[in-house]
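Me: I'm new to this one. Can you walk me through it?

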Amino acid sequence: MNTPRRAKPPTFSPDEFRKALGMFATGVTIVTARAADGTLVGLTANSFNSVSLAPPLVLWSLARAAGSMPALSAGSHYTVNILAANQKALAKRFATKDIDRWAEVEFTEGLGGAPVLVGAAASFECFNRSRYDEGDHVIFVGEVERCTHDAGASPLLFHGGRFYTEHPL
């Protein structure tokens, strides 16, 4: 049996694909770093996942066209901050363009200068181990050098284009 060497063209529109992807509920993160010139970098992302326990690896992805791509590609460290339910405004702020995302944001200095957001449900301070170009995004794999979590925190969730802060069972 011969396996195809390429995928068949999609039978759906980009909008249909986006809506279908939106049915997968995710947590919400803010990825933070410090550029070589000292500038703080941060963006909201929900494309986060674990890769390996030994060594401890996580991944997330960023659009190639993102303004923060040069700083995140070249930097040695970044932090993936998993947001708590009470950080919805922060998620929206770091998803907004052309504003000072860092105004009045509380953080501590993490490894390699990457900010760790105060109040996050969890944080993963990562060495920028590898990057993979795929489609219109770059997949970042980080080797976790330090992590923390608040066992009592309730997570901020994203589903169908909306944030959720309450989690009925």
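Reply: What follows covers the sheets, the salt bridges and a surface patch.

Me: What kind of model is this, and how are residues numbered?

Reply: This is a predicted model, where local features need pLDDT of at least 70, side-chain atom pairs count only at pLDDT 80 or more, and totals for chains, interfaces and linings use all residues. Residues are numbered from 1 along each chain as its sequence is written, and side-chain values use heavy atoms, with hydrogens and water left out.

Me: Sheets, then. What is the strand order in the open sheet of 7 strands?

Reply: The order is β3-β2-β6-β9-β10-β5-β4, with antiparallel pairing. Strands here are DSSP runs of E with at least two residues, helices are runs of H or I with at least four, and both are numbered from the N terminus. Two strands pair if DSSP finds at least two bridges between them.

Me: Which strands are at the edge?

Reply: β3 and β4 (48-52), each of which pairs on one side only. From one strand to the next, the twist averages 35°; axes are lines fitted to C-alpha atoms, for helices over the stretch in contact, and angles run from 0 to 180 degrees between N-to-C directions.

Me: How many bridges join β2 to β3?

Reply: 6 bridges, between residues 29-34 of β2 and residues 40-45 of β3, running antiparallel. Thr29 stands opposite Ala45 in β3. The two strands form a hairpin with 5 residues between them, and Gly38 in the turn has a positive phi of about 95°.

Me: And what about β6 and β9, how do they pair?

Reply: β6 (residues 77-82) and β9 (residues 122-134) pair in the antiparallel sense over 6 bridges. Ile82 is opposite Ala122 in β9.

Me: What is the order in the open sheet of 3 strands?

Reply: β1-β11-β12, with antiparallel pairing. β1 (26-27) and β12 (162-164) are at the edges with a single partner strand each, so one side of each has no neighbour in the sheet. β1 pairs with β11 (residues 157-159) over 2 bridges, and the bridge partner of Thr26 in β11 is Phe158.

Me: Changing topic. How many salt bridges does the structure hold?

Reply: 5. A salt bridge is a side-chain nitrogen of Lys or Arg within 4 Å of a carboxyl oxygen of Asp or Glu. Among them is Lys19 with Asp15, whose closest N and O atoms are 3.2 Å apart.

Me: Where do Lys19 and Asp15 sit relative to each other?

Reply: They are 4 residues apart in helix α1, so about one helical turn separates them. Lys19 is exposed at 55% relative accessibility, while Asp15 is partly exposed at 42%. Buried means under 20% relative accessible area, exposed over 50%, and partly exposed in between (1.4 Å probe, protein chains only).

Me: Which residue forms a salt bridge with Glu109?

Reply: Arg34, with the closest N and O atoms 3.0 Å apart. Glu109 lies in β7 (residues 107-109) and Arg34 in β2, so the pair ties together parts that are 75 residues apart in sequence.

Me: Last one: which residues make the nonpolar surface patch?

Reply: Phe12, Phe17 and Leu21 make a patch of about 300 Å². Patch residues have over 30% relative accessible area and no salt bridge, with like charges joined within 9 Å and nonpolar side chains (Val, Leu, Ile, Met, Phe, Trp, Tyr) within 5 Å. Accessible areas come from the Shrake-Rupley method with a 1.4 Å probe, and for residues only the protein chains shown count as cover. Phe12 is in the segment before α1 (14-21) and counts as partly exposed at 42% relative accessibility.
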